[in-house]
Amino acid sequence: MATWNPWRGCHRHSAGCKYCYIHKGDSKKGIDTNKVIKTEKFYAPIEKTKKGIYKMKPGQLVYVCFSSDFLIKDADNWRKECWQMIRERCDLHFLFLTKRIERFSDCVPNDWNDGYENVTVGCTVENQETADCRLSVFSKLPIKHKNIICQPLLENIDLSSYLHGIELVVVGGESDKNARPLDYDWVLQIRQQCISQNVHFEFRQCGTHFIKDNKLYKLKTRDLCSQAKKANINF
């Protein structure tokens, strides 16, 4: 597994961004997250050693733009070069998440056709409103590998109409002292929707405020992923 952040910075886009970890982290460092800038790692996938070998070893899953959004408008002038690098590194598999799926068709290269085999796109939704809006677009797009990311999950969501062609659904709660609660029943209902349509499901993390059996728990940030794993409900 590798990470590649060709640019950093983002703008809050919808309800799920309220306690964004990027904005929180930057605020502590005195960084203005709203300034989207290229990073020194822009060319990371094609950097080579003195022997001419790619520094980023082949066969890896590469998490792209996890300090921004790959489809953010501010990066329109840089994205073409990123697609060129993704084409060149066909020995890597690239994964990016987006809340801006409506921009997808305007952001792909001319040779995209029905998608690149080495690219997975994750559409992020947090409530029924964003699910209906974004997934109705996502379901029609020519993408070979599609994931749905319900994180942070802010309410119960019915994904049943949007699961065709989806490889994985990821669910998780919000991490913040003011986090909105995650109800375990919502998690289980999405899991059942996935099982019904034979779609892989992953419970990625609990929320800081977690409801189970009508009881509210407050969890430490370091325990959110491990507690979700203990639930043992991945499919």
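## The sheet

Two strands are taken to pair if DSSP finds at least two bridges between them. In this predicted model, pairing of that kind, in parallel, gives an open sheet of seven strands, which follow the order β1-β4-β5-β6-β7-β8-β10. Because β1 (2-4) and β10 (200-205) stand at the edges and have a single partner strand each, one side of each is left without a neighbour in the sheet. On average, and with direction ignored, neighbouring strands of this sheet are turned by 25 degrees against each other.

Strand β7, which covers residues 145-150, runs parallel to strand β8, which covers residues 166-172, and five bridges join the two. Within β8, Ile-166 is the residue that stands opposite Lys-146.

## The chain as a whole

The secondary structure of the chain comprises six helices and twelve strands. For 235 residues a compact globule would have a radius of gyration near 18 Å, and the value for the chain, 18 Å, agrees with this. Along the principal axes, the C-alpha trace spans about 60 × 45 × 30 Å.

Of the 235 residues in the chain, 49% are buried, while the accessible surface comes to about 12400 Å², with 49% of that surface belonging to carbon and sulfur atoms. Among contacts between residues at least 6 apart in sequence, 73% join residues that are at least 24 apart.

Notes:
Residues numbered from 1 in each chain as written. Predicted model: local features only at pLDDT ≥ 70, side-chain atom pairs only at ≥ 80, totals over all residues. Heavy atoms only, no water. Helix = DSSP H or I, 4+ residues; strand = E, 2+ residues; numbered from the N terminus. Axes fitted to C-alpha atoms, helices over the stretch in contact; angles between N-to-C directions. Rg over C-alpha atoms; globule rule 2.2 N^0.38 Å. Buried < 20%, exposed > 50% of the residue type's maximum accessible area, 1.4 Å probe, protein only. Contact = heavy atoms within 4.5 Å. Areas by Shrake-Rupley, 256 points an atom, 1.4 Å probe, with all protein chains shown as cover.
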